Amino acid sequence: MKTGIKGIRRVSAVAVIAAGAVLSAGALAPAQAATVATPTITAKGGFVMNNGTGKSLYTKKADTRLSTGSTTKIMTARVVLAQPNLNLDAKVTVQKAYSDYIVDNNWASSAKLIVGDKVTVRQLLYGMMLPSGCDAAYALADKFGTGSTRAARVKSFIGKMNTTAKNLGLTNTHFDSFDGIGHGANYSTPRDLTKLASSAMKYSTFRTVVKTKSTKQKVTTKSGGYRYMEWTNTNPLLGTYSGTIGVKTGSGPEAKYCLVFAATRNNKTVIGTVLASSSVDNRTADAKKLLNYGFAK
């Protein structure tokens, strides 16, 4: 009988050791599962960071200067929103020059502003950031630049864009346009654009605008009546990627296809940029890969 008891004890001890080994292996499993392969993207450059900590999560030619297309309009909005004593409900009369600009530039996307209409600064921000209206961007540059002529005001506004870039420490960024239709010196990098977007997202109006899928805005006509303008956001992540909160698409002959993006899940915000992707679909796929990767890190 005594020998049997010792045998049982020995078997029990072996069982406990085996169970401990299983538990140890189980404890290691989550750490092994958390290893995520670095994604491959078609974009020439990409960058992702944790918006809360500023920690870099992904880089691909993150500091290479590239054309930005309409992602430039993030800076246009940032400069407007930083104006002292800004009145978002101040009205701006749509000038013929804004619509002529659309006609004269083949790559200029339009908010379809109508000459003589009176639109608010807030509405111009929607018209610029959702359908990527270059006419709306022109109106904002004309409104918030300084000078006695439209050309002087626009030049002044672009100067403010570059001053803001310098103040934000965006050392590889320069603008020569208010909308991304550049003249040879309009460039940034994936890292700089991400930092710019992070700064812009600190403004509640910017956050509200860039997360809006579509909007219907009542504007005053030249005759004193009113009409409704409807704008839809060009950002394909809104409604297709859970947690998306912005921010801006861009494209052009030199820029190819660009997207600055941000999403929040479980109180973590991931923000990033892809520049010079090869198509609209690949731009979207690149951004989703980088968001998935960012949330897994």
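Leaving aside neighbours within four places in sequence, which residues is Met-129 in contact with?

**View 1. Surroundings of Met-129 in the predicted model.** Beyond its neighbours within four places in sequence, Met-129 is in contact with Lys-73, Ile-74, Ala-77, Phe-206, Val-209, Val-210, Asn-233, Val-247 and Lys-248. Met-129 belongs to helix α4, and it is listed among the buried residues of that helix.

**View 2. The largest nonpolar core.** This core comprises 63 residues, of which Ile-74, Met-129, Phe-178, Phe-206 and Val-247 touch the most other members. The greatest contribution comes from helix α5 (residues 134–144), which supplies eight residues. Another core, of 17 residues, lies apart from it and includes Ala-43, Val-48, Phe-261 and Leu-290.

**View 3. Helix α4, residues 121–129.** The helix is mostly covered, with eight of its nine residues buried. These are Val-121, Gln-123, Leu-124, Leu-125, Tyr-126, Gly-127, Met-128 and Met-129. In general, residues three or four places apart in an α-helix point the same way, because the helix has 3.6 residues a turn.

**View 4. The hairpin of strands β7 and β8.** Strand β7 (residues 214–220) pairs with strand β8 (residues 226–232) in the antiparallel sense, over seven bridges. Within this pairing, Val-219 stands opposite Arg-227 of β8. Five residues lie between the two strands, and in this hairpin Gly-224 adopts a positive phi near 100 degrees.

View 5. The cut-off for burial is under 20% relative accessible area. The structure holds zero disulfides.

View 6. Of the 297 residues in the chain, 49% count as buried. The chain exposes about 14,300 Å², and carbon and sulfur atoms account for 53% of this area. Considering contacts between residues at least 6 apart in sequence, 62% join residues at least 24 apart.

Terms used: Residues are numbered from 1 along each chain as its sequence is written. This is a predicted model: local features need pLDDT of at least 70, side-chain atom pairs count only at pLDDT 80 or more; totals for chains, interfaces and linings use all residues. Side-chain values use heavy atoms; hydrogens and water are left out. Buried means under 20% relative accessible area, exposed over 50%, partly exposed in between (1.4 Å probe, protein chains only). Contact means heavy atoms within 4.5 Å. Accessible areas come from the Shrake-Rupley method with a 1.4 Å probe; for residues, only the protein chains shown count as cover. A disulfide is a pair of cysteine sulfur atoms within 2.5 Å. A nonpolar core is a set of buried Ala, Val, Leu, Ile, Met, Phe, Trp, Tyr and Cys residues joined through side-chain atoms within 4.5 Å. Helices (H or I, at least four residues) and strands (E, at least two) are DSSP runs, numbered from the N terminus. Two strands pair if DSSP finds at least two bridges between them.
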